[in-house]
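I would ask everyone to look at the structure on the screen while I describe it.

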Amino acid sequence: MSHLSSPPPKHKGEHKGHGLPRGSERGSSSRDKDRSATVSNSVPMPAGGKASRTSCPPPTPQKAPNRLIHEKSPYLLQHAYNPVDWYPWGQEAFDKAKKENKPIFLSVGYSTCHWCHMMEEESFQNEEIGRLLNEDFVSVKVDREERPDVDKVYMTFVQATSSGGGWPMNVWLTPSLQPFVGGTYFPPEDGLTRVGFRTVLMRIREQWKQNKNTLLENSERVTTALLARSEITMGDRQLPPSASTMNSRCFQQLDEGYDEEYGGFAEAPKFPTPVILSFLFSYWLSHRVTQDGSRAQQMALHTLKMMANGGIRDHVGQGFHRYSTDRQWHIPHFEKMLYDQAQLSVVYSQAFQISGDEFYSDVAKGILQYVSRSLSHRSGGFYSAEDADSPPERGMKPKEGAFYVWTVKEVQQLLPEPVGGASEPLTSGQLLMKHYGLSEAGNISSSTQDPKGELHGQNVLMVRYSLELTAARFGLEVEAVSTLLNAGLEKLFQARKHRPKAHLDSKMLAAWNGLMVSGFAVTGAVLGMDKLVTQATNGAKFLKRHMFDVASGRLKRTCYAGTGGTVEHSNPPCWGFLEDYAFVVRGLLDLYEASQESSWLEWALRLQDTQDRLFWDSRGGGYFCSEAELGADLPLRLKDDQDGAEPSANSVSAHNLLRLHGFTGHKDWMDKCVCLLTAFSERMRRVPVALPEMVRALSAQQQTLKQIVVCGDPQAKDTKALIQCVHSIYLPNKVLILADGDPSSFLSRQLPFLSTLRRVEDRATVYVFENQACSMPITEPCELRKLLHQ
């Protein structure tokens, strides 16, 4: 089955508790897969999942809006003209359910979700289904990206009572918000293999009338079981497990699932999994002299190269699509997510540090070029996503991939120029088509990739040959071929500007903006590109200006692009969740190391203090995903336990605590890190591959971080040369500190020993501290490089 007509098939690791991390997930729930769901009261439920979403058609004039018209979320606004009497998540809906003794119908999705849109078009725009919902239920619509806490809680229920989870997620709740039935996508009517949404509503209506007490009892029993099953705590454990053991086990589990030919860790669909690739690089660094270390490096670099050559990368406009529907990374699901761009820019920069191959740095720069052009607000913030679907021509019904695919005829018309010096008659278009595998019949030939025939004759660009092979094929110089291909891609890019654009989710999330600050900061530092560091700085300024409440010290979760380049907020504001704090703190620490502006480090410390106050579990260790007060009505309060499409906020927090300890020497942050890792011990022992980012943190904690202190004038050339030397080397377990000689500076107050360090002969000087020992002073970049490579 294809992503174009139904959710893609399940693949290894989609369920909690075993297998590879779910590359399709956001947070703790899997996504982008075929789903079947069952009801806890034995009523069968059909499958569902997600791909992307199209922009909704404009409402007809006679349709009156429902109360979602007052919301800011693009996803909620897409449902504002449904005949369903939607409520946003909140007390008004809960009170109505209690007063009228009706079950709550909770529907959760997001703005660029294809299957969310399908269900809206088929069911929520249906007048009769709207009437059923309005008469017998209280309907609540939630944007999962605004309220990840609501999503995580009820996805936990759906996954526990069915064969998986995905979006749209549809759950029926008691008036006290306990779930009793759950599923994902429902077709409107019964089919051969699926129960229709109308039938489901009528069955639940009858069950509520006739067997309500049984439903309530079952719901309470399931909720109690989920609470026990989802608990993550230190228990009587004193210390986390051995990093060496967890590293080896995680690597072996990845090695077993590795695709030797095409890279990646599944047959199909295949997802970019930056957390896995970062783990492999860290594993290589600590096992460089072993066969497994070389193997880890090869697995990561090969996967990154195959992804970058594949159709999952947009060769015309840059950036990466959400996932590949096939093993070869060729035909993507075309949605583009901010969090993918952020993490992939970092991991491609790391690949460049390790290999020295500019192929990887060029890919990283291309990703950030795409984000700057297409996902950036003028005030410095970053938008959430671009849809997969768009109209092939204005006024036509949107189709998946229409903005990105090409016919041979289009390419020939755009690139008719003859290529001089070729061994046979050749146009620029023919050269490009050969190199990127375009064919007259189209290269989307599989019926499983295009069951409706919507992409007949269309092509997705994918690098089929090396530049050397393409050059040899036509008797040309490699440099000439490179120049011709780049000029051809630029012409395609200019032509594509005239196509109808895909829907843009202009919501801005603190968490994903934090990841993107890291993307620009790390890549800018590694490549020595000040303009990228400046963009990271602008992103951080945006977060502080628009998503930070100075009085309370709290982050806001969301803000929205308003008219005329303005920024708008919901009222009351949506406050930040754990991932917002963890990802923003990471971004600020990366930005400090890239810019040496200590104000970002100061803000990171303040945000970490707020995170500890709002989310830390003082009894069980680790961080809850949401504030106690914010989720007071929810039946569960969860902790993230999976590194998937995004890293777990607890995994990122473990790294942050280690780094903050390195920057400040504050022992309580090291103690918290140890408690957190201990709380997740059982999860790591059972399935280390589910938490590769936390296993990395465990290794860093047990090996200790390097403190690299550069003493010098921030503006001096010799200082900059030493700092750039540090950035050019892959050193995941380090903190980089600039000591400018001012004893009253923020860092000198945190680490008094900095004021005792001296420059040698008034030159910029580096000291490296590790395992409570200090290196000799170093003034030459080549000597520093030699030491750091040991």
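Let me begin with a term: a salt bridge here is a side-chain nitrogen of Lys or Arg within 4 Å of a carboxyl oxygen of Asp or Glu. What we have before us is a predicted model, in which local features need pLDDT of at least 70 and side-chain atom pairs count only at pLDDT 80 or more, while totals for chains, interfaces and linings use all residues. Residues are numbered from 1 along each chain as its sequence is written, and side-chain values use heavy atoms, with hydrogens and water left out.

With that term in hand, consider D149, which forms a salt bridge with R147. The closest N and O atoms of this pair are 2.8 Å apart. Both D149 and R147 are buried, a word that means under 20% relative accessible area, with exposed being over 50% and partly exposed in between, for a 1.4 Å probe and protein chains only.

A second pair is R205 and D136, whose closest N and O atoms are 3.4 Å apart.

Over the whole structure, the search finds 42 salt bridges, and D143, E145, D505 and K507 are linked in a network of them.

I turn now to strand β6. How many of the residues of strand β6 are buried? Five of the five, residues 169-173, are buried, so the strand is largely enclosed by the rest of the structure. In a regular strand the side chains alternate between the two faces of the sheet. In β6, M169, V171 and L173 cover one side, N170 and W172 the other, and all are buried.

Strands count as paired if DSSP finds at least two bridges between them. Strand β4 (residues 104-109) runs antiparallel to β6 and is joined to it by five bridges, with I104 opposite L173. Strand β7 (residues 179-183) is also antiparallel to β6, with four bridges, and N170 stands opposite G183. The hairpin of β6 and β7 has five residues between the strands, and there L177 takes a positive phi near 75°.

Next, the interior. A nonpolar core is a set of buried Ala, Val, Leu, Ile, Met, Phe, Trp, Tyr and Cys residues joined through side-chain atoms within 4.5 Å. The largest one has 149 residues, and L280 and Y348 have the most contacts inside it. Apart from it lies another core, of 57 residues, including W167 and L226.

Finally, the overall picture. The protein has 27 helices and 23 strands, and 64% of its 790 residues count as buried. Its C-alpha atoms fill a box of roughly 85 × 75 × 50 Å, taken along the principal axes.

Note on methods. Helices (H or I, at least four residues) and strands (E, at least two) are DSSP runs, numbered from the N terminus.
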